[in-house]
Amino acid sequence: MPFTPDLVDELNTLVRFDLASTQHGIKIHKTADPAVIAATRRLHAKGLLTQTDGGYLTSLGRDAAEHVQAALTILSSLPSAATSQTPALSSGV
């Protein structure tokens, strides 16, 4: 299943959290991009955020944010010589 635009908005919201401290939350203002507002509300409805406008990560939200941020770090890194020699994968589509 590919990432939908809604899921990408949710992932982008999760990467905004500072995982170095549980005391840092986020506040999405009513003037923010409507896609960001909607993503934040969906994350709250899924139990990942404490408030509909952001707030803090729940335990589940922290787990998700850790995974999202780790994936972003891995995918943003430059390919090494070993991985650049790996054959291309077929998506079967």
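Colleague: How many helices and strands does the protein have?
Modeller: This is a predicted model, in which local features need pLDDT of at least 70 and side-chain atom pairs count only at pLDDT 80 or more, while totals for chains, interfaces and linings use all residues. Residues are numbered from 1 along each chain as its sequence is written, and side-chain values use heavy atoms, with hydrogens and water left out. From the N terminus on, the elements run α-β-α-β-β-α-α, where helices (H or I, at least four residues) and strands (E, at least two) are DSSP runs numbered from the N terminus. The protein has 4 helices and 3 strands.

Colleague: At what angle do the axes of H1 and H2 cross?
Modeller: Axes are lines fitted to C-alpha atoms, for helices over the stretch in contact, and angles run from 0 to 180 degrees between N-to-C directions. The axes of H1 and helix H2 (residues 34-45) come within 9 Å. The two helices are therefore roughly perpendicular to each other, a label given to angles of 65 to 115 degrees (under 35 is roughly parallel, over 145 roughly antiparallel, the rest oblique). Their crossing angle is roughly 80°.

Colleague: How many charged residues belong to the contact of H1 with H2?
Modeller: Contact means heavy atoms within 4.5 Å. On the H1 side stand Asp-6, Asp-9, Glu-10, Thr-13 and Leu-14, which meet Ala-35, Ala-39, Thr-40, Arg-42 and Leu-43 in H2. Ala, Val, Leu, Ile, Met, Phe, Trp, Tyr, Cys and Pro count as nonpolar, Asp, Glu, Lys and Arg as charged, and the others, Gly among them, as polar. The contact holds 4 nonpolar and 2 polar residues, and the number of charged residues is 4.

Colleague: Is Glu-10 buried or exposed?
Modeller: Glu-10 is found in helix H1 and touches Ala-39, Arg-42, Leu-43 and Lys-46, not counting residues up to four places away in sequence. Buried means under 20% relative accessible area, exposed over 50%, and partly exposed in between (1.4 Å probe, protein chains only). Because its relative accessible area is 5%, Glu-10 is buried.

Colleague: What is the relative accessible area of Thr-40?
Modeller: Thr-40 is found in helix H2. Leaving aside neighbours within four places in sequence, Thr-40 is in contact with Thr-13, Ile-28, Leu-49, Thr-52, Asp-53 and Gly-54. Thr-40 is buried, and its relative accessible area is 0%.

Colleague: How far apart in space are Leu-48 and Leu-60, C-alpha to C-alpha?
Modeller: Leu-48 is found in the loop between H2 and strand S2 (49-51) and is buried, with a relative accessible area of 10%. Beyond neighbours within four places in sequence, the contacts of Leu-48 include Leu-14, Leu-43, Tyr-56 and Leu-60. Leu-48 and Leu-60 are 12 residues apart in sequence, and their distance in space is 5.6 Å.

Colleague: How does Lys-46 count by relative accessibility, and what is the value?
Modeller: Lys-46 lies in the loop between H2 and S2. Apart from neighbours within four places in sequence, Lys-46 is in contact with Leu-7, Glu-10 and Leu-60. Lys-46 counts as partly exposed, at a relative accessibility of 45%.

Colleague: Which element gives the most to the lining of the largest pocket?
Modeller: A pocket is an open set of points on a 1 Å grid over the protein atoms alone, where a 1.4 Å probe fits, with protein on both sides within 12 Å along at least five of seven lines; lining residues have an atom within 4 Å of a point. The lining comprises Phe-3, Val-8, Leu-11, Asn-12, Val-15, His-67, Val-68, Ala-71, Leu-72 and Leu-75. Helix H1 (5-14) and helix H3 (59-76) are the elements that give two or more residues to this lining. With 5 residues, the element that gives the most is H3.
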